[in-house]
Amino acid sequence: MADAPFPTTRAMTDRRIMNRTRVLFRCAAALVLAGAVATIHAQEMRLDVSGVGASQYPIAIGNFAGDGQLPEDIDAVIRNDLAASGMFRIIETNATISDSETPDYAALRSQGADSVVGGSFTRLADGRYDVRYRLSDSVRQRGLGGESIVAGANDLRYAGHRAADFVFEKLTGQKGIFSTRIAFITKQGGRYRLKIADWDGRNEQTSLTSPEPIISPSWSPDGNRLAYVSFESKKPVVYVHTLSSGQRKAVANFKGSNSAPAWSRDGKTLAVALTRDGLSQIYLIPSDGGGEPKRLVSSSGIDTEPYFSPDGKSIYFTSDRGGSPQVYRVATSGGAVSRVSFEGSYNVSPRVSPDGRKLAYVTRREGGFYIMIKDLASGAVTQLSDRGQEESPSFAPNGLWVMYATRANGRDMLMAASVDGRVKQRMSSEAGDIREPTWGPFGQ
Amino acid sequence: MNRTRTLWTLLVCAALAGCGSSVELDESKEAAVESRDTGAAGAGADGIGDSSRSVQQVDAGQQQQDPLNDPAGILAKRSVYFDFDSFVVRDEYRPLVEAHARYLTTNRGRRIAIQGNTDDRGSREYNLALGQKRAEAVRRSLAVLGVSDQQMEAVSFGEERLRSVSGDEAAHAENRRADIVYQ
């Protein structure tokens, strides 16, 4: 069968790339707090991967054809992304494989590659690059499709991530997360920073820097805003911060402590924990602030850490109303509360998977804190982490990985683990402590 | 002044009289003057410099120090420590709480923040709420003693402001506290 012509998605992709560049630029330019200066950190995080998936797609990624040297190796980005997923076995090849030629299927099969990616780049008159890639099945000997992207020099990694997403989705049937971003907090030299980076920790940019702590960052569903808790006025206050402009607003600054922001699915409401009535209780407020908070549930204990289910109909939360902190669920409209966690005496930080079927949370067992995954239908619980110093789980938007914070060698760092626990990625930085990761949505 | 001059004049006259001058002073007059002077001198009169001229110092006290600034006073103590998993203000801190309550009820213009803290084991948000519970316990103790709500705000730093990071039990105990911070 003849190779299928690859679809021209250039116009749509161009706009996306340009918008993203604009957003990235403004992100870098956003400065907040008296005396703060915007910085783009050259210091990059280190990504280490261990473990393999239950089964792996063997794939060869050819060197992209083109004149001269690219500032960023797109084929290397694709290899790193697919390898880090644990679901692909990268077949080493030194060959240059172009997207416009039929690959040598026999040679590739003999090397063990069931699939192959070929690509090319052409430098345009305005300094940008026309990047093309095509995926082929070397067993069935046919093309599976490809794309072309026009990318500036600063967006070549993004082009590589888009290519990796394309390959991932074609072969696994699931959306890839390689083009997504993460947010996290760093602590270094007495300063706290709220940072945004690519999923692999590269291209860090700082959106907020402060001499006081920042905790609980949370992405809006459209990926344009972050809610977080800042202690800059010597008490916890919830802010909503627009990344592209750097504009932000204190949306919950009531008497006492204000914290734990969680977004509703439509981005219009935040669930927060407020202590204005004494102990921490959960309220709903408009995400742009103003209005009187609406209490969600009542208890004589501590209620905190609300989290909306993907269908928006329920809110999961932590409460010690029963004597010890456990995970509970209530309808978003309020009403009867049901308990969700039953094992042990300390279960906190509930996060629901994007398909609504799994719950990630933190359990304390024998003094250690571990990330657990509970199947909400069957109730079965599996342990995801093993260091015993874990906190802040966050699902990838495709539900296949969970990112979380842990501690090793006296330093706070990030881990991402496949939900079946087989593959782990560790992200650390020499520069300081990294904590509180939150995985951004698709479509950024 | 006049009295002094009179005394001196008297002495000179007496001296002159002793020197054989023909000026004779009326003895009775002298005595009268003397006795007058003696009479007027009051108690313990023995020549000049008697206590009727002295000035008794009265100490109306030092310039009023704000007891809050006395480093040795009980108000210098601003931290209440809690047992593990506990949110009750222990008896040993009652004097501290009472002292701050007295100060605040006397100085209604003063305001405080009560900042709750925890050790760093567990979820940050849950620890924020536990720290709040500690701050709230101190706030309630002060309210019961008459401090008004307008004067106090209970907030929490959770595990974010660890005073001691060594991670051993002593450090954990140091971090389980509520601090009174005058604004």
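**View 1. Two domains in chain A of a predicted model.** The domain assignment divides chain A into domain 1, residues 10-172, and domain 2, residues 182-439. Taken over C-alpha atoms, the centres of domain 1 of chain A and domain 2 of chain A lie 31 Å apart.

**View 2. A five-stranded open sheet in chain A.** The strands run in the order β1-β29-β28-β27-β26. Their pairing is antiparallel. Strands β1 (46-50) and β26 (391-395) of chain A form the edges, and each pairs on one side only. On average, neighbouring strands of this sheet are turned by 25° against each other, direction ignored. Strands of a sheet pair through backbone hydrogen bonds, either parallel or antiparallel.

**View 3. The edge at β1(A).** Strand β1(A) has five residues, and the count of buried ones is zero. The strand is thus hardly covered. Its partner is strand β29 of chain A, residues 424-428. The two pair in the antiparallel sense over five bridges.

**View 4. The edge at β26(A).** Strand β26(A) pairs with strand β27 of chain A, residues 401-408. The sense is antiparallel, and the pairing spans three bridges. Within this pair, A:S394 stands opposite A:M403 in β27(A).

How values were computed
Residues are numbered from 1 along each chain as its sequence is written. Chains are lettered from A and ligands numbered from 1 in the order in which they are written. This is a predicted model: local features need pLDDT of at least 70, side-chain atom pairs count only at pLDDT 80 or more; totals for chains, interfaces and linings use all residues. Domain bounds come from an automatic or database domain assignment. Two strands pair if DSSP finds at least two bridges between them. Helices (H or I, at least four residues) and strands (E, at least two) are DSSP runs, numbered from the N terminus. Axes are lines fitted to C-alpha atoms, for helices over the stretch in contact, and angles run from 0 to 180 degrees between N-to-C directions. A residue is buried if 20 or more other C-beta atoms lie within 10 Å of its own, exposed if 12 or fewer, and partly exposed in between; C-beta atoms are placed from the backbone.
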